[in-house]
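Hi,

Here is the structure I promised to pass on to you. Have a look at it first, and then read on for what turned up.

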Amino acid sequence: QSLARASMGSEAWVPLFKIQVFISCVSFSIIVPTIAPYLARMGAEEYVLGVAVAVYSLGEMIGSVIFGRWMTVAIRASPDFGPRRALAASIAIGLFGSTLYVA
């Protein structure tokens, strides 16, 4: 069964996907402007800001590949519930990470 056929049956996961994208954008908008003051408080040298932004972006890239694979497996395993479970877990992990950053 192809992925296209498996994902066409139910699109109830699309609202969760939109929530995930919104949370990711908000998280990015909070983290990136606050990295410089955070590093300054820690006494880091100026070049560390560039390294921190690069590592953050690299983490986003690697995480996107992993999440994309996770969604593909979830859709194939259970077209109705798999994507919703994967997205709900992703949202929970993202909120937990954001909470750790803010705290």
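Let me start with a proline: Proline 37 of this predicted model is found in helix α2. Its relative accessible area is 43%, so Proline 37 counts as partly exposed. If you pair Proline 37 with glycine 97, the two are 60 residues apart in sequence, and their C-alpha atoms are 19 Å apart in space.

Is glutamine 20 buried or exposed? Its relative accessibility is 14%, and because the cut-off for buried is under 20%, glutamine 20 counts as buried. What does glutamine 20 touch, once neighbours within four places in sequence are left aside? The residues in contact with glutamine 20 are then Leu87, Ser90 and Ile91.

With a relative accessible area of 42%, leucine 95 is partly exposed. From leucine 95 to glutamine 20 there are 75 residues in sequence, yet 10.0 Å in space from C-alpha to C-alpha.

Helix α3 is worth a look as well. This helix takes in residues 47–77, 31 residues in total, and its first and last C-alpha atoms are 45 Å apart, close to the 45 Å expected at 1.5 Å a residue. Buried residues in α3 are Tyr56, Phe67, Met71, Thr72, Ala74 and Ile75. When you look at that list, keep the helix geometry in mind: an α-helix has 3.6 residues a turn, so residues three or four places apart point the same way.

Now for the chain as a whole. The protein chain has four helices and zero strands, giving the pattern α-α-α-α along the sequence. Its C-alpha trace spans about 55 × 20 × 15 Å along the principal axes. The radius of gyration of the protein chain is 17 Å, whereas a compact globule of 103 residues would have one near 13 Å.

- Buried residues make up 21% of the 103 in the protein chain.
- Of the contacts between residues at least 6 apart in sequence, 60% join residues at least 24 apart.
- The accessible surface of the protein chain is about 7200 Å², and carbon and sulfur atoms account for 71% of that surface.
- There are 7 positive and 5 negative side chains in the protein chain, with the centres of the two sets 16 Å apart.

That is what I have for now. Happy browsing!

Best wishes

Notes: Residues numbered from 1 in each chain as written. Predicted model: local features only at pLDDT ≥ 70, side-chain atom pairs only at ≥ 80, totals over all residues. Heavy atoms only, no water. Helix = DSSP H or I, 4+ residues; strand = E, 2+ residues; numbered from the N terminus. Rg over C-alpha atoms; globule rule 2.2 N^0.38 Å. Buried < 20%, exposed > 50% of the residue type's maximum accessible area, 1.4 Å probe, protein only. Contact = heavy atoms within 4.5 Å. Areas by Shrake-Rupley, 256 points an atom, 1.4 Å probe, with all protein chains shown as cover. Lys, Arg positive; Asp, Glu negative; His and termini not counted. Charge placed at Lys NZ, Arg CZ, Asp CG, Glu CD. Expected span 1.5 Å × (residues − 1).
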